[in-house]
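Please look over the model below. Some questions on its strands, its helices and its chain contacts follow.

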Amino acid sequence: MQQLKANLIEHIKTSFKDAREKDYPNENRLDFYVNKQCIPSILTYAKDRLGYIHLSHIAIVDWLEDGEIELIYIIWSPEEKIKMFVRTRVERENSVMPNIDMIWRQANTYEREFREMYGIQFQGLEGEQDFLLEDWDGPPPMRRDFDTEAYADDTFFHRPGREDAQDVREAITKRSGEEIPDFAKKYSR
Amino acid sequence: MELLTHILGAIATVILAFVVGMSYGGIVRKITARVHNRIGPPWYQNFIDAFKLYGKTTAIHHGWMQIMGPAFLMVSSVVTLMFIPVLTNGGWFPNLNFEGDLIFLLYLMVFGPLGMALGAGQTGNPNSAIGVTRGLSQMVGFEIPWVMALVALMIQFDTTSITGLMEAQAQSGTWNMFSSPFAFIAAVLAMLGMFRYSPFDIVGAPTELASGPVSENGGKYLFTMMSSGSIFAFVKLTLYVDIFMGGADNLVILLLKTFSIYMIPVLYGIVSPRYRTEQAIRFFWGWPLFFGVLALIYASIF
Amino acid sequence: MRDKATTLYIGPQHPGITGNMMVRVKVEGDTIVKATTEVGYLHRAFEKLQEKRNWLQSFTLMCRFCVPESDPMEESYARAVEAIEGREVPERAKYIRVMVLELARLASFMLWYGGQNGSLGLYTMGQWSVGDRNYILDLFEELTGGRVYHMYIWPGGVRKDLPKGFEQKVLKTMDYLEKRLGDYDDLMFDNAIFKKRTQGVGIVDKEKAIEHGVVGAVLRGCGIKSDIRIDDPYEVYDKLDFEVPTAEGGDIWARALVRRQEARQSIRIIRQVIADMPGGSFYNKIPNPQKWKIPAGDAYVRTESVRGEIGMYIASDGGLYPRRVHLRGAAYVHGITLLEDVLVGENLADISAIMNSLGTCPPEIER
Amino acid sequence: MINDKNSQKIVDIIQNWARKQSIWVLAYGTGCGAIEIPPTMTSRYDAERLGVRGAATPRQADVLLITGYLTTKTLKRVIRVYEQMQDPKYVIGFGSCTINGGMYYDSYNTIKVLDKYLPVDVYINGCMPRPESVLAGFGKLQELIGNGEANGATKYKENLEWYRANQKKIIPNWVMPEYNW
């Protein structure tokens, strides 16, 4: 596997000069950090030349402290049995990513979701604006600076009784007069 | 006096048809449940359902044609019932059974579904419209072997009257189902489509059309459809018994005969997935049609 | 010229839809010319809630990702956390995990049997298989306390050891189910109408499969031998002996054949696991969950579920809470772009059957 | 005659009995609770023996089963479905998340208290409620119907403004037909 990985690093490095790699020696995993413009070309190269034909996942992480959002394209080769992570970071605000749904059709779904949930635009992305949400006028909700609890308190009714974190068991015993055995008391708060 | 007997007899017939049809429906639900390894609802569950539906408020308004749809169904079921001899000798149910003939009956039997088509089309629900289209196409499918079987009988016995056919069976002592077997097979295969159990239930398939024509009808509309459906089921079964199994002298024999013939579509339906419309039509224009042709040849030779 | 196409809304309230989603189809006659999916009716924002829940609290959310088969999600989470933290799992726990995963697969197959046949109008099958599924759920109930949501496979091992005599009960249930699978074959695969309805319907060919990133039984149904349990083995699957069935054709019938064999393979795996089950500890204890910190890093693990590959990406920033848990279900691929593509040109009557066959599971798409 | 109070009472008793014995549940799986509906309907638990069966469209259904959390997007559809149903109609809230939000108490997309938006006749708690508890819930509903106490729909009609205000609070884009049920 190390031999395969070395080959892979060499191939990628010759075609994409500024790619940095990170190897995980004991796993079938290899990371590449690239620029966001390289994404379509490196994925096409990996798919057509290197046999990484399966786009397993596009993961997205919001690094609020760094002011960046990281996208991780995870591709898989059935022959070499290696997971390749192609990672890139973009600015949180007003960033435009290249679109890869002509390489793998299912990327379209991911991109529609990221557009809605993180506010990242993709060049020439087709599909309706609304994906999971409807009539949403707040900030993109999956970003870390969106406070879902405050929003929920604001928008929805809450049934009273939740906030004091009362033990249900105690409440029930008070009502029915049942006794809690000692061994069970340990678990009730 | 004779008029009064007729009127009372007609009412009795309708009640009988309603009760028998509904109970059969309930028994079918029970049988289906037993095949499913379940206990199933009681046999009178359909009566409760119908009563509940009748008690529901019905505030669905899609124009008067929607009301006419179920009404058409009901009228056509009852009128058809009037022309079917329930028992061989008339008995308590004299009705009009000595005046009608098979050709007239054929027309009457499509009258209801056509009315229903108009009513369902009016509701504006695309599922209803598609369901109705499918129902009519499927009807085209099974009507042909059905008509062929009947025509074969008419040729063979040289009469178009149901009572004539029944008398012919009584005289010869054999049922038509044995004396003209091909017509019987064609008619039974057509019956599979007529009862709309699986595999020919695409008309009201819930998983595709959300029950098709009835999708916009609840409450009293559905009650009307349900009861007219039950009456119509009784009509069809009695007709089969009359023309193929020599009719029935009393109610017990009638019930036995109708129930046994009813089990054919029911049991076949429990273990079958449903055909698509074009597959259903292809089915009817295959073996049933072949037997229909065979029946015609058989009838004209003998 | 007048537009002859009618727009139909299949769902969200529709008996034929697999869960709570909508397919908007344009039909000409009975043929679909355009299909658009609309999802989001089940979006609960798990991945957002995880920001405020610690590593153990997040674990309880995992099983709710996909309702019909919850254990692969727990398995993925547990494995990803273990990978970041470098935590060892006892050998016995690995065997128990495989057993639970395969039981969950079987339960999900039972549900598929019902759904696939219900969509074609053969309701008897659903009544049988969903009824028999209860026997598997009984086992789960004894083992974990829950019928549907188990919360059993967690980081470090499993939550409870096997109860006394549990193995025998599992074997007994397996014998019964194997017998029943034969009955199902009689009713379903020997049925001429079922064949007529499924052959040549909903075709996913090899090119389309690669273009759409298709996984699982759908991929195997078009003749490609691919299974995460073999390709990227986890737990003890590399020590077990089982086959990966494939079929040619890529239609509903081919996928049904694949699943029919897979259910039997699951039984075979469960029997092997029980025969090989080692003793020892079942749980490598985690620290106090309130203070449990995972070192910074990330991991991506994949698990084979009934619908196909499930991937889970977890990133940690070294804190008490997960930075990001990002799930990719098989339905995320199958349920939207692929479904829209496959439905074009099909008959209106087959929508539900195709959705069932592709394994569309809305809660997994929307999370 | 028929409008006489006593005879009306008798009619009510008979009708309530029929309503209680024949409960048609709308086939709408709004949340994850839908997974326990097939076991409830099939061989081991067999709800049909109690007269509970599925109905394909809201026009024919008596009971709306809210199986679990409701997202705001689904709530809009559920309201529409509920208003299409014909009287008498009942709502069963199924699972902890309909009662107080359950584990989704801080989610931005699910409602927490169902009875602020729709009149709920019976709640079934648990996550997920077992088929036995589902059957018990149906039993409770039958009891309420038999006593003529399941009057959620009447409550809804009487307090329509209040319900509407709550509903419109989380559905800003209100484009729905008015039903004249």
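Q: In which sense do E1(A) and strand E2 (residues 29–33) of chain A pair, antiparallel or parallel?
A: This is a predicted model, where local features need pLDDT of at least 70, side-chain atom pairs count only at pLDDT 80 or more, and totals for chains, interfaces and linings use all residues. Residues are numbered from 1 along each chain as its sequence is written, while chains are lettered from A and ligands numbered from 1 in the order in which they are written. Strands pair if DSSP finds at least two bridges between them. E1(A) and E2(A) share five bridges, and the sense is antiparallel.

Q: Which residue in E2(A) is the bridge partner of Lys22(A)?
A: E1(A) and E2(A) are joined by five bridges. For Lys22(A), the partner in E2(A) is Asp31(A).

Q: In what order do the five strands of the open sheet in chain A lie?
A: The pairing in this sheet is mixed. Its edge strands, each pairing on one side only, are E1 (20–24) and E3 (54–63) of chain A. Neighbouring strands are turned by 20 degrees against each other on average, direction ignored. The order is E1-E2-E5-E4-E3.

Q: What angle does the direction of helix H2 (residues 39–48) of chain A make with that of E5(A)?
A: H2(A) packs on the sheet and touches E4 (68–76) and E5 (83–91) of chain A. Axes are lines fitted to C-alpha atoms, for helices over the stretch in contact, and angles run from 0 to 180 degrees between N-to-C directions. The angle with E5(A) is about 170 degrees.

Q: How many helices and strands does chain A have?
A: Helices (H or I, at least four residues) and strands (E, at least two) are DSSP runs, numbered from the N terminus. In chain A the elements run α-β-β-α-β-β-β-β-α-β-α-α-α from that end. The total is six helices and seven strands.

Q: Which chains have the most contacts among the five pairs that touch?
A: Residues are in contact if their C-beta atoms, placed from the backbone, lie within 7 Å. Chains A and B have no contact, and their closest C-alpha atoms lie 25 Å apart. Elsewhere, 27 residues of chain C are in contact with 30 residues of chain D. The pair with the most contacts is C and D.

Q: Which helix gives the largest share of the side of chain C that touches chain D?
A: The contact takes 27 residues of chain C. Five residues of that side come from one helix, residues 123–144 of chain C. The helix is H5 of chain C.

Definitions and conventions:
Contact = placed C-beta atoms within 7 Å.
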